[in-house]
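Subject: Handover of a structure

Dear colleague,

Please find the sequence and structure below, passed to you for your records. My notes on what was found follow directly after.

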Amino acid sequence: MKKIKIIAFAAAICILFAGCSFFEKPEENIIEKEEGLSANIQITPEITEEPEQEEPQIPQEPEEEKPAPIENDIAGLEELSPYFAEFADLGSEQVPWGPGTNFNENGTPIACVGLQNDYGKFAADFYRAGEEHSGKVYLTFDEGYENGYTPVILDTLKEKGVSAVFFVTLSYVKNEPELVQRMIDEGHVVGNHSARHPNMTQITMEEAYAEVADLHNYVSENFGYDMYLFRPPEGAFSERTLALLQKMNYRTVCWSFAYADWDPENQMEHQKAFDKITKSPHDGEIFLLHAVSSTNAEILGDVIDYIREQGYTFEKYLP
């Protein structure tokens, strides 16, 4: 009887403690595999955060560096006046000249070679002499007034990637500010063709100074652009006027090619004009064309292509 009581008491104790946690068998993270092997794994695997990936950087093309604008602070009249006595010792007579029709073995007008030798010391160009100008040519336009063709010319130059010089007068700048701004924005050179287009050899030194300075100052104040090239109206110059321009920090630009293109009512037939312009390309050639010419506007692209085919490059006219 005592044994029965002892066994019953022991059974009751076991039942009591069966609900306690330390009697529980912990669950095992076991996955039975087909081959009877087992492996411990985490039921809820720890999720590790992957580092955020940076968005790929799209390489950007470097911005084309524009050359720094040329600063030309021209001398004031008071500053120049001490030189007037020096200028008086120079020739005041207009020098007769023209490129002529005779060329040397390089295709350069013989007259321009002589003029360059005689007057190049005054920072004057009749063609651009020197080895640094070999294989290079320079395109210039005179702009006394607007005849509707300059936008077409600018379109062609932009298409062909050519920089030209546009020699303007004061009236042109005042009447056509949008075109002048476009010339500057598209990388062309705006040149000084005098304020009122006089024959520079037939006026006083003070008047000649004003012709250059009035236009220079107007463009500087209204466009933030400093001119540095001067083309004398009619191509008229003397030793005295060349020396004055040089003292004003200007370079005088004449030409080694020009033809009768300035009369809108008397335009040359396209093929004839093309043949004239492309007849004798040469190192350092300075083309003078008038922007009032419908023919020039219409054949300009073909002229550029042909000159390039001859091995020349069109360069920006720097001092």
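The side chain of T140 makes a polar contact with the side chain of R231, at 2.9 Å; a polar contact here is a pair of N or O atoms within 3.5 Å, where within protein one must be able to donate a hydrogen and the other to accept it, and residues adjacent in sequence count only if both atoms are side-chain atoms. A polar atom of the T140 side chain also lies 2.6 Å from the backbone oxygen of F287. T140 belongs to strand β4, residues 136–143; helices (H or I, at least four residues) and strands (E, at least two) are DSSP runs, numbered from the N terminus. With a relative accessibility of 0%, T140 counts as buried, where buried means under 20% relative accessible area, exposed over 50%, and partly exposed in between, with a 1.4 Å probe and protein chains only. Its contacts (heavy atoms within 4.5 Å), leaving aside neighbours within four places in sequence, are V165, F167, R231, I286, F287, L288 and L289.

Please note that this is a predicted model, in which local features need pLDDT of at least 70, side-chain atom pairs count only at pLDDT 80 or more, and totals for chains, interfaces and linings use all residues. Residues are numbered from 1 along each chain as its sequence is written, and side-chain values use heavy atoms, with hydrogens and water left out.

The mean pLDDT (the predictor's confidence in each residue, from 0 to 100) of the chain is 86, and 79% of its residues reach 70 or more. Over residues 1–47 pLDDT stays under 50, and for this stretch the model has 16 contacts beyond four places in sequence.

I turn next to strands β5 and β6. The two run parallel and are joined by four bridges; strands pair if DSSP finds at least two bridges between them. F166 stands opposite V190 in β6. In a regular strand the side chains alternate between the two faces of the sheet. Strand β6 (residues 189–192) is covered on both faces, with V189 and G191 buried on one side and V190 and N192 buried on the other.

S163 sits in the loop between α4 (150–160) and β5 (165–168). S163 is buried, at 14% relative accessible area, and a polar atom of its side chain lies 3.1 Å from the backbone oxygen of G187. Beyond its neighbours within four places in sequence, S163 is in contact with G187, H188, E315 and K316.

Helix α9 (residues 270–277) has A273, F274 and I277 as its buried residues. They lie on the same side of α9, because they cover an arc of only 100 degrees around the axis, the arc being that of the directions from the helix axis to the C-beta atoms. These buried residues pack against β9 (285–290) and α10 (294–309). At the start of α9, a side-chain oxygen of E269 comes to within 3.0 Å of the backbone nitrogen of Q271.

As to cysteines, the count of disulfides (pairs of cysteine sulfur atoms within 2.5 Å) is zero. C112 is in no disulfide, and the nearest cysteine sulfur, that of C254, is 8.6 Å away. C112 is buried, with a relative accessible area of 0%.

Finally, K121 is placed in the loop between α3 (110–119) and β3 (124–125) and is exposed, at 60% relative accessible area.

Yours sincerely
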